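Visitor: I'm new to this structure and would like a close look at just one part of it. Could you pick a helix and walk me through it?

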Amino acid sequence: MPVISNEPVAAVAGIGATEFSKESGRSELRLAVEAITAALDDAGLAATDVDGLVTFTMDSSAEIAVARELGLDELRFFSQIGYGGGAACATVAHAAMAVATGTADVVVCYRALNERSGRRFGQVAAALSGMPTTSGIDNGWHYPMGLATPAAMVAMIARRYMHVYGATSEDFGRVTVAARRHAAANPAAWFYQRPVTLEEHQQSRWIAEPLRLLDCCQESDGAVAIVVTSVARARGLRWRPAVIAAAAQGSGPGQFIMTSYYRDDMAALPEIGVVARQLWRQAGLDPADVRTAILYDHFTPYVLLQLEELGFCARGEACDFIADGAIELGGRLPLNTHGGQLGEAYIHGMNGIAEAVRQVRGTSVNQVPGDGPVVVTAGTGVPTSGLILS
Amino acid sequence: MSAAQAMTPEEVKAAADRIAAAGDSRPRLARDPVNWPTIRTWLEAIGGAAGTVADADTVLADTVPADTVPADTVPADTVPADTVPAETAPPAMIQVWTMPGLHGSRESDDPLGAMMALMNEAGYPAVIATNCDQTYLREVRVGEQLAVSARLLEVTGPKRTALGEGWFVTTRSTWTANGEPVATMDFRVLKYRPARGERSAAPAAQPVMRSMISADTAFFWEGTAAGELRVQACERCGARRHPPGPRCPACGAMATGSYVVAAGTGEVYSYVVHHHPPVPGKKLPIVIALVELPEGVRMTGELLGVAPERVRIGLPVRADFTRIDDDLALPAWRAGAQATLPPRVIDVTPTFVVASALATRDYQDVHHDRDRAIASGAKDIFLNILTTTGLVQQYVTAWAGPGQSVKAISIRLGAPCQAGDTLTLTGEVTSAVGTAAEGTAEDSERVIAVTGRCGLGDHVTATVRLADSRIPGGPEGGKG
């Protein structure tokens, strides 16, 4: 990707969010506008500076509706990314490309959802099996058979991963324990001051075996916005820029949405591998350089698979890699220092990007010492995306 | 007419809790020791076991109407007459020994009796047995004096059922010989208020998820509707592919609609046990399997008839189809059968119903008195559960032959089997299911799935666990 080369041209200049709750009591559009306003304030920019907007195809608030509320007269760049949470880092990637090419100057990426009080993704959405699209046809191989929730779809791959590599439910639980420990110190997290033990994880009920309740991220209401502009412009703004050292999207062989069951090796997430290879190449870095990572944690097993795909450890060795608190604060590679979607909130991965920015700025409540780059990933099991911020 | 709610659900539960808190009833001695005449009467009525005693002329159960049975499915080896007294009792007779008899009555501390009285008082007068799970810890020998005690295991309700609103009541009986446990039985009944006028209260039509079908995938769904699994096969290079698409990813040829019909076998490649949240049209938990087919593709489907804890990767399965309606049938999977038992067809004459009920020492009127049976809502007298259990056990042991011990029978009762009907027993060996446990004790087990169909549908679905050697005596030989 030539526009995002070894000479980074774009940076995150502002982050903003609403409170994270189970019932916002407000429209998703209003949440989006609140988060964007907060992000612009954080950057020290005005709404009139914005000339680009990027969101998810799943977002209910169209760019034009947001533009109307922000009072934007002209919008020069707008884009929506598909594939659910896989869009998160891609919103920033598209914004960076727009900035790098001069298409836009200030692009805001946003995601607003009343996912807990409104449409809950964890429930069965029977209509998805009846859409007259390739996605609807794909879903028709799984939904009518009863495989109709994200947890169940992930559980199929998690079971195979356990079989092939000997991973256990306790291994998955260690991801939760780390996330909840970090969330416990984060006042913005839903699970602030509420850590869990591995025993509590093991006692939580089955959702879709081998996934327990505490292997599944929470469901949340809230919004997050990220302001992207050029590195040069960002340098004149309020914060030290979080430079976008690399940004990539990825889809793998035989890719499906959550149900890539027909690949030769099912105990893997090759789409993250596609992203990882681009990230390391663009940034000229390798895993050893990374200070901390925000790995999309809708379901715990996929954090293990991501560690392997990103090259933090060899395939099948994530269980060993995360043992002994390695992914907790003070460990070898602290993960999801905001508490992740397991602990902070499920804002479709966008809150993870905000945490990566805080780590670069040095303002995280669980600040990891050092000045190494921060890796962020987006929804996994779907076509996905990733960033390196430094 | 609304049945007055004599007790609130909370009151019912509180009363049930008090009964459960009493624990096991006092052991009640069987009227007689285990004895050959009673065994012989039972065999005479239930019949069908090779190597045990039965006079061919009196094996009523094997009276097969020639016009209803395909010639090649009738077991030819009608049991030879054998008058040598057995030394052990058929395991399914366990309950027979302690039945109260014609003039018997329940003990005052019998938890099932107490629950029945409670439910009658609460406005649920009708009763139907739904499940009977017997586990045999060792064989029972002639001459042994058995005793039984029972406790209330579980009460759940009130639940809406097809029969009417009711409660499921489960008791656990334990039989002992000289204080040594020899068998247990978890027995579940539904005590209900018959839904007479409100037949329309049948379960609301469940919404069912359908598959979106395109011109590229229609052949697959036409196949499932016709009872076959079709795997896309490229006409040019032969590459197989599932799910199908319009262009061969291997050679680039556009699809021509060619496919192979899969053998319908496979192995579980991965699986999910779905507990939560609810799935339209499914009663949870369900197992969804990803199956690897010998044709080289993988395919999902619900895995039917296998307890979740017995599923494992590598389990051999065979294809089945769940028909949703005239247009749509979903692929599904069942545990692969290693062998199929020859069917046994039983002409359920009134004599058979009465003889088997009395041979199991069950004097409930609905099993011998037509008027009382009709008053209870049936069309005629119907088989009792002890007979059904006995039929299942004898069906399997007759097929298995000597040296095979029945370790457990798990019975789920469906439609009543009434006099004048025909009961057809079929069975399959699903041994792979039985070897799922790590313990060596289970390795030698075979699991036989038995279905008994009658005119009203499935009368019984059962699982029989067979060990290929005699059950070791004493508790140390039991489960680890």
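Guide: Here is a walk along one helix of chain A and the helix it packs against. Keep in mind that this is a predicted model.

Let's start with H5(A), which runs over residues 150–165. It has 16 residues and spans 22 Å from its first C-alpha to its last, close to the 22 Å expected at 1.5 Å a residue. So where does this helix sit? Of its 16 residues, 12 are buried, so H5(A) is largely enclosed by the rest of the structure. Buried here means under 20% relative accessible area. Among the buried residues are Ala151(A), Ala152(A) and Met153(A), and also Arg159(A), Arg160(A) and Tyr161(A). Just past the end of the helix, Gly166(A) takes a positive phi of about 75°.

Now for the partner, helix H10(A), which covers residues 301–310. Two packed helices are described by the angle between their axes and the distance between the axes. For H5(A) and H10(A), the angle is about 60° and the axes are 10 Å apart. The two are therefore oblique to each other, and H5(A) passes H10(A) in a left-handed crossing. On the H5(A) side, the contact is made by Val154(A), Ile157(A), Ala158(A) and Tyr161(A). H10(A) brings Pro301(A), Tyr302(A), Leu304(A), Leu305(A) and Glu308(A). Sorted by type, the residues of this contact come out as eight nonpolar, no polar and one charged. Val154(A), Ile157(A), Ala158(A) and Tyr161(A) are also on the list of buried residues in H5(A).

Conventions:
Residues numbered from 1 in each chain as written. Chains lettered and ligands numbered in written order. Predicted model: local features only at pLDDT ≥ 70, side-chain atom pairs only at ≥ 80, totals over all residues. Heavy atoms only, no water. Helix = DSSP H or I, 4+ residues; strand = E, 2+ residues; numbered from the N terminus. Expected span 1.5 Å × (residues − 1). Buried < 20%, exposed > 50% of the residue type's maximum accessible area, 1.4 Å probe, protein only. Axes fitted to C-alpha atoms, helices over the stretch in contact; angles between N-to-C directions. Parallel < 35°, antiparallel > 145°, perpendicular 65-115°, else oblique. Left-handed = near helix turned anticlockwise from the far one by under 90°. Contact = heavy atoms within 4.5 Å. Nonpolar A, V, L, I, M, F, W, Y, C, P; charged D, E, K, R; others polar.
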